[in-house]
Amino acid sequence: MIVVQVDKKINVLNTHTSEPNILKTSKPLERMIDVKNITKSFGQLQVLKGIDLHIDKGEIVSIVGPSGAGKTTLLQIIGTLDRPDGGQVVVDGVDVSRMSSGKLADFRNSHLGFVFQFHQLLPEFTALENVMIPAFIAGKSGSEAKHRAKELLDFMNLSDRLQHKPNELSGGEKQRVAVARALMNQPSVILADEPSGSLDSKNKEELHNLFFKLREEFGQTFVIVTHDEQLAQTTDRTIKMKDGRLEL
């Protein structure tokens, strides 16, 4: 079991029931993400048209909408992988929209974790080595990185897969390795883009339950872009997008 100090205890309802997952805290919620009047265009096409969005610490939020609505673009801007044309993005109290590229890279590696539809594991490295990579980028020692990576993979029930390469893992195992990699540097926020899109129904359910387990254990905030209605229904809040705007 990994012990991570968090500011407050997070309790969620049983995710196996049909009841909504309600975030309960003994203290007022703290703001984790503030997106203010974000705009983004690619050539003549305006993809985001003045997005305002606020997400609290420890919240699990899904973003849904038709293809082309701007969901992934918004996620990439929140995750500092792209810059908006206008507006402001504040993550964990830091105005990332004003940071230089070098500082953004450091912030991204230490504060944000990413999970993609296709695991994006490096095929030449083992599961353990893939999980260790963010720690090496952060300048941590090999022994420290290896110790934490083993702890995370054990938490994911993958302790018997440490030396397996991606082509030796099942689809569900690959995605759990990817989640472990996202957690490596104890980020404040996990950003997931269609994380269960390539999984079968059994592995989808396991991954969805894992997100709530991680929130309960470590207090991370999750922002999940998805077309999966089952996943969206289980999150604390569902944000709907259409034509570059949030639907009220």
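This is a predicted model: local features need pLDDT of at least 70, side-chain atom pairs count only at pLDDT 80 or more; totals for chains, interfaces and linings use all residues.
1. **Main core.** Start with the largest nonpolar core, which has 36 residues. Val131, Leu153, Met156, Val177, Val179 and Leu214 have the most contacts inside it. Six elements each supply at least two residues of this core: helices 3 (127-137), 4 (142-155), 5 (171-183) and 6 (201-218), plus strands 7 (189-193) and 8 (221-225).

2. **Second core.** A separate core of 30 residues is also present. Val35, Ile55, Ile77 and Phe114 are among its members. In soluble globular proteins, nonpolar side chains tend to be buried together.

3. **Val179.** What does Val179 touch, leaving aside neighbours within four places in sequence? Its contacts are Val115, Met156, Leu207, Leu210, Phe211 and Leu214.

4. **Helix 4 against helix 5.** The two helices pack at about 135°, with axes 9 Å apart. Helix 4 and helix 5 are therefore oblique to each other. Their crossing is right-handed. Helix 4 brings Arg148, Leu152 and Leu153 to the contact, while helix 5 brings Val177, Ala180 and Leu183. By class, that contact has five nonpolar residues, one charged residue and no polar ones.

5. **Helix 1.** Is helix 1 (residues 71-78) mostly covered or mostly uncovered? Mostly covered: six of its eight residues are buried. The buried ones are Lys71, Thr73, Leu74, Leu75, Ile77 and Ile78. Ile77 also belongs to the second core. Thr80 follows helix 1 and has a positive phi, near 65°.

How values were computed: Residues are numbered from 1 along each chain as its sequence is written. Side-chain values use heavy atoms; hydrogens and water are left out. A nonpolar core is a set of buried Ala, Val, Leu, Ile, Met, Phe, Trp, Tyr and Cys residues joined through side-chain atoms within 4.5 Å. Buried means under 20% relative accessible area, exposed over 50%, partly exposed in between (1.4 Å probe, protein chains only). Helices (H or I, at least four residues) and strands (E, at least two) are DSSP runs, numbered from the N terminus. Contact means heavy atoms within 4.5 Å. Axes are lines fitted to C-alpha atoms, for helices over the stretch in contact, and angles run from 0 to 180 degrees between N-to-C directions. Angles under 35 degrees count as roughly parallel, over 145 as roughly antiparallel, 65 to 115 as roughly perpendicular and the rest as oblique. A crossing is left-handed if the near helix is turned anticlockwise from the far one by less than a right angle, and right-handed if clockwise. Ala, Val, Leu, Ile, Met, Phe, Trp, Tyr, Cys and Pro count as nonpolar, Asp, Glu, Lys and Arg as charged, and the others, Gly among them, as polar.
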